[in-house]
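Biologist: Please show me the model. I have some questions about it.

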Amino acid sequence: MTDVIGAPADVLHTLFQSDQGGHEQVVLCQDRASGLKAVIALHSTALGPALGGTRFYPYATEAEAVADALNLARGMSYKNAMAGLDHGGGKAVIIGDPERDKTEELLLAYGRMVASLGGRYVTACDVGTYVADMNVVARECRWTTGRSPENGGAGDSSVLTAFGVYQGMRASAQHLWGDPTLRGRKVGVAGVGKVGHHLVKHLRDEGAEVVVTDVRTDAVQRILDQYPVGVTAVADTEQLIRVEGLDVYAPCALGGALNDDSVPVLTATVVCGAANNQLAHPGVEKDLADRGILYAPDYVVNAGGVIQVADELHGFDFDRCRAKAAKIFDTTLAIFARAKEDGIPPAAAADRIAEQRMAEARAGHTAH
Ligand SMILES: NC(=O)c1ccc[n+]([C@@H]2O[C@H](COP(=O)([O-])OP(=O)(O)OC[C@H]3O[C@@H](n4cnc5c(N)ncnc54)[C@H](O)[C@@H]3O)[C@@H](O)[C@H]2O)c1
């Protein structure tokens with residue numbers, strides 16, 4: 001018998017040795033009949049069952065898929081801890097092209113894999129998976145959120161995600177300008193998709209001046225038709241981040257918006273948006289602080305969606321969720337205060353607070 005599996009040394013090193021690791025459990029799933037190949041990563045269950053979505057993506061290699069699952073699961077631990085949820089962090093990735101490979105059989109097989117964890121992992125939607133997919137997964141697995149309202153779910157999470165981002169923005173205004181109102185402020189929204197267009201509504205309702213951009217001209221046109229007054233558009237994000245007199249920049253499209261090219265030219269004094277993983281690499285948070293730009297950490301202000309899916313497990317109640325998402329205002333203020341106190345950027349302060357909550361939970365487990 002010889003070894004046939006080449007061990008992806010860097011992934012195993014990350015898992016067992018590095019600071020980025022420490023994951024409790026990683027499950028490799030395969031169902032030959034349906035073609036399912038998935039990785040379920042549980043970073044931490046210190047605060048409760050791990051909660052995080054399922055990404056369906058055509059990874060170039062299996063090692064890349066494992067690495068992505070590990071990173072995403074870790075991120076969920078921080079997001080859930082910071083949102084005050086009694087959930088740890090987990091994430092699953094299904095390897096494949098969702099357009100080509102997603103079938104009912106595959107999703108059902110995936111549901112059985114998640115169910116085999118007996119509730120240690122609760123799944124939801126992510127890139128490449130939708131409410132309709134979660135309805136299928138839920139047929140095999142009761143630890144499935146992100147379902148449609150007809151199936152006991154809460155449906156689209158972007159409403160509360162946008163509300164949370166808006167709260168984070170108001171907290172940023174309070175911290176910087178001593179008043180939470182955004183009336184009269186100029187806010188640039190990059191990406192007016194599901195979250196971005198709800199965010200524009202909050203901003204216009206409060207009397208902010210809004211500048212939008214999107215790679216989809218139909219998305220921009222829809223906003224301009226809806227708001228004939230107070231909203232203008234620019235051609236692309238490159239222009240948006242340079243708009244004169246911009247107070248707030250809200251990245252609501254893809255990750256990596258804050259990088260070595262964008263940070264030096266940003267005209268805004270606040271960055272607060274929905275996109276995940278806005279900081280392109282470690283150190284960008286310091287570059288922002290050095291330029292005097294206040295960064296409201298992405299995973300803190302965009303937690304409205306996860307707050308919503310977590311609530312599905314208790315019988316979804318919109319008002320209860322909205323009240324929880326409103327607390328993002330206080331959480332964001334607490335992070336800015338901690339950052340000031342410790343002399344560190346807000347992103348680092350957020351990490352510290354989340355780590356503290358997880359450590360306290362772990363200590364509590366040990367004490368029992
Ligand atoms: N939907 C949620 O509840 C939720 C929760 C947490 C985080 N997020 C994050 O928020 C972001 C937006 O999510 P969404 O659900 O609104 O997605 P979406 O796909 O509905 O909207 C994204 C929009 O960005 C546009 N876009 C893409 N590339 C762009 C570019 N280079 N410049 C300008 N616009 C561009 C797209 O055309 C689209 O209209 C994503 O990063 C997502 O991961 C969403």
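Predicted model: local features only at pLDDT ≥ 70, side-chain atom pairs only at ≥ 80, totals over all residues.

Biologist: How is the chain divided into domains, and how many Å separate the centres of domain 1 and domain 2?

Modeller: The bounds come from an automatic or database domain assignment. Domain 1 is 22-76 + 88-151, and domain 2 is 158-355. Taken over C-alpha atoms, their centres are separated by 27 Å.

Biologist: How many residues does the contact take from domain 1 and from domain 2?

Modeller: Two residues are in contact if their C-beta atoms, placed from the backbone, lie within 7 Å. The contact takes 6 residues from domain 1 and 6 residues from domain 2.

Biologist: Is K91 buried or exposed?

Modeller: The UniProt annotation "active site", from an unreviewed entry, covers K91; UniProt positions are given in the numbering used here, feature names are shortened, and annotations may be inferred rather than shown by experiment. K91 lies in strand β5, residues 88-95 (helices are DSSP runs of H or I with at least four residues, strands are runs of E with at least two, numbered from the N terminus). A residue is buried if 20 or more other C-beta atoms lie within 10 Å of its own, exposed if 12 or fewer, and partly exposed in between, with C-beta atoms placed from the backbone. K91 has 29 such atoms within 10 Å, so K91 is buried.

Biologist: Which helix gives the most to the shell around the ligand?

Modeller: The shell has 24 residues, the closest being G191, G193, K194, A253 and G305 (a residue is near if its C-beta atom, placed from the backbone, lies within 6 Å). α6 and α7 each supply at least two residues of that shell. With 3 residues, the top contributor is α7.

Biologist: What does α7 span from its first C-alpha to its last?

Modeller: α7 covers residues 194-205, 12 residues in total. The expected span is 1.5 Å times one less than the number of residues. For α7 that expectation is 16 Å, and the helix comes close to it, reaching 18 Å.

Biologist: Which elements do the buried residues of α7 pack against?

Modeller: The buried residues are V195, G196, H197, H198, L199, V200 and L203. They pack against α6 (158-177), β7 (186-190), β8 (209-213), α8 (217-226), β9 (231-233) and β10 (248-251).

Biologist: Which residues does E206 touch, not counting those up to four places away in sequence?

Modeller: E206 lies in the loop between α7 and β8. E206 is partly exposed, because 17 other C-beta atoms lie within 10 Å. Its C-alpha is 8.7 Å from that of G184, 22 residues apart in sequence. Beyond four places in sequence, E206 touches T181, L182 and R183.

Biologist: Why does A339 count as buried?

Modeller: A339 lies in helix α14, residues 328-342. Beyond four places in sequence, A339 touches I344, P345, P346 and A349. A339 counts as buried because its C-beta neighbours inside 10 Å number 24.

Biologist: What is phi of N277?

Modeller: N277 sits in the loop between β11 (270-271) and α10 (284-290). N277 has 15 C-beta neighbours inside 10 Å, so N277 counts as partly exposed. Phi is positive in this residue other than glycine, near 50°.

How values were computed
Residues numbered from 1 in each chain as written.
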